[in-house]
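Welcome! Open the structure in your viewer, and let's walk through it one selection at a time.

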Amino acid sequence: MAVLKRKNIILAGIVTIIVGTMLSEQASGATRKRTAYSKTPPPTLRLEDLPRHAVDTLATRDPETKVVIYSNNTWRYIHTSLARKHSGSPVYRNNWDTTQIFAYKNVEPSSLPSTIELQLIDDLSGFHYPYMKSVISPFGPRGRRGHKHQGVDLPLRIGDPIYATFDGKVRYAKYNSGGYGNLVIVRHANGLETWYAHLTRCNVEPNDWVKAGQVIGFGGSTGRSTGPHLHFEVRYSDLTFDPQFLFDFPNGLLKYQTFPLDRSYLDIHSRASDELIEDDEDFDPEAVVAAASRSGEAGSILEQAALGEQAEAGASASKPAAPKPASTAAKTYYTVRSGDTLGRIAERNKLTLSQLCRLNGMTTKSTIRPGQKLRIK
Ligand SMILES: [Zn+2]
């Protein structure tokens with residue numbers, strides 16, 4: 001009798017698992033149809049979700065840095081020097097929210113100074129690229145619906161290490177259901193925040209101090225992502241500006257020691273929505289995968305289009321040549337006619353293809369349609 005009962009329980013268990021699996025597959029199928037991506041975290045077992053306890057603390061060559069090893073094979077650094085150095089800084093105290101992606105909702109963009117001198121590195125704190133690769137999708141307007149891409153996309157292989165760009169403190173590190181997937185946000189001493197999205201796994205926790213070059217997570221394709229890439233943003237007071245103003249991504253270089261951030265570079269609409277809009281219509285996952293598997297040369301054409309003349313403008317680190325923000329120049333638009341191509345429009349308006357792409361935040365591969373307005377000046 002007891003044996004029979006146990007069998008029944010096991011059977012009931014199996015049926016529950018099968019029905020449960022069917023239901024969840026149905027549910028995820030429906031979600032895919034509606035939004036083209038799943039809003040729920042991937043159902044994989046994640047190391048960081050396992051119960052854990054500290055099993056050991058290791059010393060490093062730097063007496064102020066220790067590594068805590070946990071029972072689930074994860075680890076974290078403790079930087080006592082950074083904690084002490086910045087203990088009195090209001091940057092890490094005010095507008096500090098570890099639960100939401102935006103932290104400066106009470107700050108009016110118009111109340112910011114017209115130019116913010118961002119000291120990026122000094123004798124004691126350095127720089128590391130987040131990931132070294134050509135930008136496959138630049139910052140700016142993108143897609144038929146006119147969405148603005150609030151960061152840059154760098155193709156990668158799942159599991160590649162992602163590095164903190166500067167010293168700082170982790171403000172946010174978890175799965176974000178608004179499309180960013182596993183997202184790490186690091187705030188730096190100058191108030192700048194760097195955002196690292198679609199990670200396979202976050203390697204840090206909120207309130208951790210991190211050093212430039214520390215691995216803060218591993219590249220992936222979580223959230224609203226159609227292929228493995230790093231979506232990388234820079235924000236000041238929640239507001240985005242073009243990360244390519246600061247970084248030379250294909251060469252892993254910093255363009256300025258001190259960057260004069262003009263208020264007009266900031267996109268004041270960038271916190272209107274807390275959803276990541278990666279316009280999938282123009283986002284070609286095959287191109288991303290192909291670019292990730294090739295080295296260097298893959299992104300060069302796109303990069304040329306994305307950077308245009310700005311790369312030259314920002315090439316010297318010693319003498320900052322401020323990039324021209326799109327919003328201050330006199331703008332002229334061209335309406336696309338049927339049969340037009342980007343190349344023909346560029347030629348007709350005495351622009352190079354790169355210039356035209358740059359003005360419109362496009363790549364040479366972007367599609368255009370009749371009636372669309374393109375900026376030509
Ligand atoms: Zn992106």
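Two strands count as paired if DSSP finds at least two bridges between them, and the strands themselves are DSSP runs (E, at least two residues) numbered from the N terminus. This is a predicted model, in which local features need pLDDT of at least 70, side-chain atom pairs count only at pLDDT 80 or more, and totals for chains, interfaces and linings use all residues. Residues are numbered from 1 along each chain as its sequence is written, and side-chain values use heavy atoms, with hydrogens and water left out.

Select β1 (54-59) and β3 (75-79), the edge strands, each pairing on one side only. They belong to an open sheet of three strands in the order β1-β2-β3, with antiparallel pairing. Which residue of β2 is the bridge partner of Leu-58? Pick Val-67 to see it.

**Next: the cores.** A nonpolar core is a set of buried (under 20% relative accessible area, 1.4 Å probe, protein chains only) Ala, Val, Leu, Ile, Met, Phe, Trp, Tyr and Cys residues joined through side-chain atoms within 4.5 Å. Select Val-184, Phe-241 and Phe-259: they have the most contacts inside the largest core, which has 43 residues. Then highlight β15 (229-236), the source of the largest share of this core, four residues. A second, separate core of 11 residues includes Leu-356, Met-362, Leu-374 and Ile-376.

**Last stop: confidence.** Colour by pLDDT, the predictor's confidence in each residue, from 0 to 100. The chain averages 78, and 71% of the residues score at least 70. Over residues 9-36, the pLDDT is below 50.

Technical notes:
Contact means heavy atoms within 4.5 Å. Buried means under 20% relative accessible area, exposed over 50%, partly exposed in between (1.4 Å probe, protein chains only).
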